[in-house]
Amino acid sequence: MLGNFMYSNPTRLYFGENAVSFLAGELKNYGPKVMLTYGGGSIKRNGVYDDVIAALKEAGKEVFEDPGVMSNPTVDKLYEGCKIARENNVDLILAVGGGSTIDYAKAVSVSAWCSEDPWDKYYLRMEAPDNRIIPVGSVLTMVGTGSEMNGGSVITNPAQKLKIGHVFGDNVMPKFSILNPRYTFTVPKYQMVAGIYDIFNHICEQYFSGTDDSASDYIAEGLMKCVVNASRAAVKDPENYEARSNLMWCATWALNTLIAKGKTTDWEVHMIGQAVGAYTNATHGMTLAAVSLPYYRHILPYGEAKFARFAKEVWGVRTDTMTAREAAEAGLAALEGWMREIGVVMNTKDLGVTEEMLGGIADATFLLGGGYKKLTKEEVVDILRESLNA
Ligand code: NZQ
Ligand code: ZN
C-alpha cells in the first residue's frame, strides 16, 4: 500500500429487509423539524413514502416536504431547497431516493445557510463549507452512486452547460442511511442497468491507476466479480433479493473511499461522462457506458499490465499463452461482452450527442492526471467522436 492516508467513514448503515424499522430511532437523535426530500414520485407508488412517514410520525417530527428532485439535480432546484430549509429552520434533511436526491440533500445542507452563491463557492471555486451544515440522513431506493455513504454531491447548471461534483468531507456525509434492497425492486430496468454500470465504473476508476501491489486492487477485483455475477441474476429477475442485495452492498463499498486508499485514482470516464450529461441531461450510468470503451482502448497501451490483470482476475480469461497486449485487449473484449449482455448504451449518439457538440463537451471535461495517461483536449474529442460513431 503506497501513500499516507486517513480513513474514516461516519455514516451509520442499516441494511436489509427490516432496515426501515431503525429509522424512527435514528430520527430521535435530531431536532423536531425534518425536511423530507424526494424525487418525482416513485416513492409514493411503491410504498416507501408510507414507511418513511410512519417512522417520522413515530418519532414525533414536524415534516416539511421538498419533492420534485429531478435526475441530475439542477442549481435552480438547489436554490429552491435552500429556501425551504432556511425558512423552516429545519434540523435534518431526510433524503429518500437515489443518488440525485441524496446528492441534492447534501448540497442543500451546506448551502441553506451559505451567504454566497453556493454554485460559485462549492462547485466553481471548490471551497469547503464554513457555515452551518444541516445534517443529512438517507433512505436509498436506487443503487449505483454510493451517495448513501460518501461526500459526493453532483449538481448541474444547465445555463452554463456544466455538471460538477464536489466531494465534501465527513461533516457532510449522511449521518445514517437505510438500505433495504427490496426498495430497489421497482427501479425501471434502464435505470437499474445504468446503476449497475455506474458501480462497475466507480471500481474501474480507482482500479486503473498505480502499478504497486495494493490491497485496494484485490478488494476491487472481488467487488467487480460480485457486480458482474449479481447483474446477470438481476437482469433475469429484478426481484431476485440475493442479487439486488449484493448490488446494493457493492455499490456502497465501491464509492465510500475504501478502495481509493493508496491509489491515485483515475476518474476520467466520469469527467467525460459528466460533460456529456451537462449537454444532454442523459442518465449518468449510460453516459459512462457510452464513453468507457473508447477511453479504455485509448489508454490501454499506457496501463497494459493492469488491463491484462483485469482480464485474468475479473473475467477469468486464460492469459498464460497471450502477450500482455493480447491479454489486455481480451479484458476489454470481455467487458464489452458483459456491457452488451446487460444492455447499457454503447454510444453517445443514442444519448443525444451530435458532432457539433463535441468541442463544447471536450471543453467542459476536466482533465485529471491520476490514471495511466493524462488526456489532452484533442484526445477527448477523438474519444467522443469514436463513441459517437460506435
Ligand atoms: O424521481 P423518482 O420518481 O424517484 O424516480 C427515479 C429517477 O427517475 C427513479 N427511481 C429511484 N428509485 C426508484 C425509482 N423508480 C422506481 N422505484 C425506485 N425504487 O430512478 C431514476 C433515477 O434516479 P437518480 O437518483 O437520478 O439515479 P442515480 O442514483 O443514478 O443518481 C444519479 C445522480 O448521482 C450523481 C450523478 O451524476 C447523477 O446526478 N452521482 C453521484 C455520485 C456521488 N454522490 O458520489 C457519484 C456518481 O458518479 C454520480 O456522478
Ligand atoms: Zn458514477
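Start at asparagine 131. A polar atom of its side chain lies 3.1 Å from the backbone oxygen of valine 110. The side chain of asparagine 131 also makes a polar contact with the side chain of tyrosine 122, again at 3.1 Å. Bear in mind that this is a predicted model. Asparagine 131 sits in the loop between helix H6 (118-124) and strand E5 (136-140).

Now turn to the rings. The whole structure holds 21 aromatic pairs. Take tyrosine 30 and phenylalanine 176. Their ring centres are 6.2 Å apart and their planes meet at 40 degrees, so this pair is tilted. Stacked would need planes under 30 degrees apart, and edge-to-face would need over 60. Where do the two partners come from? Tyrosine 30 is in the loop between helix H1 (23-27) and strand E2 (33-38), while phenylalanine 176 belongs to strand E8 (residues 176-179). The pair therefore ties together parts that are 146 residues apart in sequence. Phenylalanine 176 is buried, with a relative accessible area of 0%.

A second pair joins two helices. Tyrosine 207 and phenylalanine 310 are tilted as well, with 6.2 Å from centre to centre and 50 degrees between the planes. Tyrosine 207 lies in helix H7 (residues 189-207) and phenylalanine 310 in helix H12 (residues 304-315), so the contact links parts 103 residues apart in sequence. How accessible is tyrosine 207? Its relative accessible area is 0%, so it counts as buried. Phenylalanine 310 is buried too, at 0% relative accessibility. Both rings belong to one aromatic cluster. Its members are Tyr197, Phe200, Tyr207, Phe208, Tyr295, Tyr296, Phe307, Phe310, Trp315 and Trp338.

Rings also meet charges here. The charged end of lysine 44 sits over the ring of tyrosine 49, 4.7 Å from the ring centre. Lysine 161 lies over the face of tyrosine 279, at 5.3 Å from the centre of that ring.

Next, look for empty space. Rolling a probe the size of a water molecule over the atoms shows where such space is left. How many cavities of 30 Å³ or more does the model have? The count comes to one. The largest cavity holds about 90 Å³ of space. Its lining is made of Met142, Val143, Thr184, Val187, Gln191, Met192, Gly195, Ile196, Ile199, Arg244 and Leu247. Two elements, H7 and helix H9 (241-254), each give two or more residues to this lining. H7 supplies the largest share, five residues. H7 is also the helix that carries tyrosine 207.

Finish at an open site. The second largest pocket contains about 150 Å³ of space. Which residues line the second largest pocket? They are Met6, Tyr7, Ser8, Gly151, Val167, Phe168, Gly169, Asp170, Met173, Thr257 and Lys261. Five of these lining residues are nonpolar, four are polar and two are charged.

How values were computed. Residues are numbered from 1 along each chain as its sequence is written. Chains are lettered from A and ligands numbered from 1 in the order in which they are written. This is a predicted model: local features need pLDDT of at least 70, side-chain atom pairs count only at pLDDT 80 or more; totals for chains, interfaces and linings use all residues. Side-chain values use heavy atoms; hydrogens and water are left out. On a 1 Å grid over the protein atoms alone, a cavity is a set of points where a 1.4 Å probe fits but cannot get out, and a pocket is an open set with protein on both sides within 12 Å along at least five of seven lines; lining residues have an atom within 4 Å of a point. Grid points are joined across faces, edges and corners, and a volume is the space filled by probe spheres set on the points. Ala, Val, Leu, Ile, Met, Phe, Trp, Tyr, Cys and Pro count as nonpolar, Asp, Glu, Lys and Arg as charged, and the others, Gly among them, as polar. Rings of Phe, Tyr and Trp (its six-membered ring) pair if their centres lie within 6.5 Å; planes under 30 degrees apart count as stacked, over 60 as edge-to-face and the rest as tilted. Helices (H or I, at least four residues) and strands (E, at least two) are DSSP runs, numbered from the N terminus. Buried means under 20% relative accessible area, exposed over 50%, partly exposed in between (1.4 Å probe, protein chains only). A charge sits over a ring if NZ of Lys or CZ of Arg is within 6 Å of the ring centre and within 35 degrees of the ring normal. A polar contact is a pair of N or O atoms within 3.5 Å; within protein, one must be able to donate a hydrogen and the other to accept it, and residues adjacent in sequence count only if both atoms are side-chain atoms.
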